[in-house]
Amino acid sequence: MPDYEAVIGLETHIQLNTTAKIFCSCKADSWYDPPNTNICPVCSGLPGVLPVLNEAVVEKAVLLAAAMHSAIQPLSYFDRKNYFYPDLPKGYQITQYDRPIGVGGYLDLPMPVAPGRSAYVRHVAITKMHMEEDAGKTKNAGGVRLIDFNRCGVPLIEMVTDPDLRTADEAAQYLIRLRALLRWLGISDADMEKGHLRCDANVSIRPAGATYLNPKTEIKNVNSIDAVREAIEKEIERQVRETAAGKRIQAWTLEWDEDAGVLRKMRSKETEDDYRYFREPDLLPVRVTDEWKQAILRDLPELPLERRQRFINQYGLPEYDAEILTSERGLSDYFETAVKAYGGDAKRVSNWLMNDVLRMLNDAGLTAGQLKLTPLYLAELIKLVDAGTINVSTGKTLLEKIQASGKSPAEIVQVEGLAKVSDDAAIRAVC
Ligand SMILES: [Zn+2]
């Protein structure tokens, strides 16, 4: 039997954290609202209404496209994707089809060292990304089908990768990096449990090293990173088993059953023609002028992977430290402010942050920006330890005290008399 390699592409749906929905002024986030209370004639698809595009959706899409190195299209169009489903009251979804907002791009995935494998970088090309509206939700309750339209019209970005991923681990890593990037940019809460980030995976296999593509299956309904990893692993195993037994892989759509941990066949896959796409006649083309684009991109921060590399180069941090310190934008800002205030070896600041401050954040469920122990206080504290005014263990207690009181390290040391006594005469007197 030949060795097989997997060929995996991911389609993600990203819920943007705009205030309003994409084509009406209903609020976008109705997670805590009772069913069917956050709807209007536009998003519930009543006849005679007209959609109006929310500019904030375009702005967030442009930010994401720039961060993914995609070509931002100066002109893109909305289209109607026609299908009948109870959670889609209009009978069509407004989406972008052949002229999306972003084309091309990539995300580089640094893959960490693992047993039997050295570190490497997987380059994942982005095919395209487009804006669209979400559909409602249905659920079964005691033999009755219930429909909630609250989610209709919530803004989404659908982003599709080329089939560049080779393992379930890489697919998981893609989602981890993408989730971090979305939060870093501040355009989505990216909470998978709440459906802010949803993932479908296209999976096929081929003899290792081959360049052609075999028929693929599409795995739907996976809503955690662990589930994506597990579902893809199981599907690769199944395809290898079937191929080895001389069977052909069919282009099925599979659904991941989280509770049972198995994949089930939903249907033979539709082809795109079934949707009868045509241009949305109620919306103008989306024009992103150079001027508008530049105004949006003024808010584009240094990206996580760039900052990670800079921390390694500029501060001489080990890769491990740089990885953790850039896992969240607030934390990396905190680190850098503390390093500047400290003025000494950045690794000292990193050690205090990674050993003590991170534990404090985790225990209290806070983000770096919410700490009363500001980066300036942390820098001051490390200087007190360096100067021998306090020892390391007093320093650690002091961290907690600063966080509890919001007072400066020097003030607490003075008020509580925490300073180390090194005057021999004073110590003799006490003895
Ligand atoms: Zn509405």
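The site of the zinc ion is tetrahedral, with angles of 103 to 114 degrees among its four donor atoms, where four donors count as tetrahedral if all angles lie between 85 and 135 degrees. The ideal angle at a metal with four tetrahedral donors is 109.5 degrees. This description rests on a predicted model, in which local features need pLDDT of at least 70 and side-chain atom pairs count only at pLDDT 80 or more, while totals for chains, interfaces and linings use all residues. Residues are numbered from 1 along each chain as its sequence is written, and side-chain values use heavy atoms, with hydrogens and water left out.

The zinc ion is coordinated at 2.3 to 2.4 Å by the SG atoms of Cys 24, Cys 26, Cys 40 and Cys 43, donors being N, O and S atoms within 2.8 Å of the metal (3.2 Å for Na, K and Ca). Along the chain, the donors of the zinc ion follow the spacing C-x1-C-x13-C-x2-C. Cys 24 and Cys 40 each lie in the loop between β1 (4-15) and α1 (55-67), so the pair ties together parts that are 16 residues apart in sequence. Both Cys 24 and Cys 40 are buried, that is, under 20% in relative accessible area, with exposed meaning over 50% and partly exposed in between (1.4 Å probe, protein chains only).

Cys 43 also belongs to the lining of the largest cavity, together with Leu 88, Pro 89, Lys 90, Glu 133, Asp 134, Ala 135, Cys 152 and Gly 153; a cavity is a set of points on a 1 Å grid over the protein atoms alone where a 1.4 Å probe fits but cannot get out, and lining residues have an atom within 4 Å of a point.

Of the 431 residues of the chain, 45% count as buried. Ala 227, found in helix α3 (residues 225-244), is buried, with a relative accessible area of 2%. Leaving aside neighbours within four places in sequence, Ala 227 is in contact with Val 222, Trp 256 and Glu 258, contact meaning heavy atoms within 4.5 Å.

How values were computed: On a 1 Å grid over the protein atoms alone, a cavity is a set of points where a 1.4 Å probe fits but cannot get out, and a pocket is an open set with protein on both sides within 12 Å along at least five of seven lines; lining residues have an atom within 4 Å of a point. Helices (H or I, at least four residues) and strands (E, at least two) are DSSP runs, numbered from the N terminus. Four donors count as tetrahedral if all angles lie between 85 and 135 degrees; four count as square planar and six as octahedral if opposite donors are over 155 degrees apart and all others between 65 and 115; anything else is irregular.
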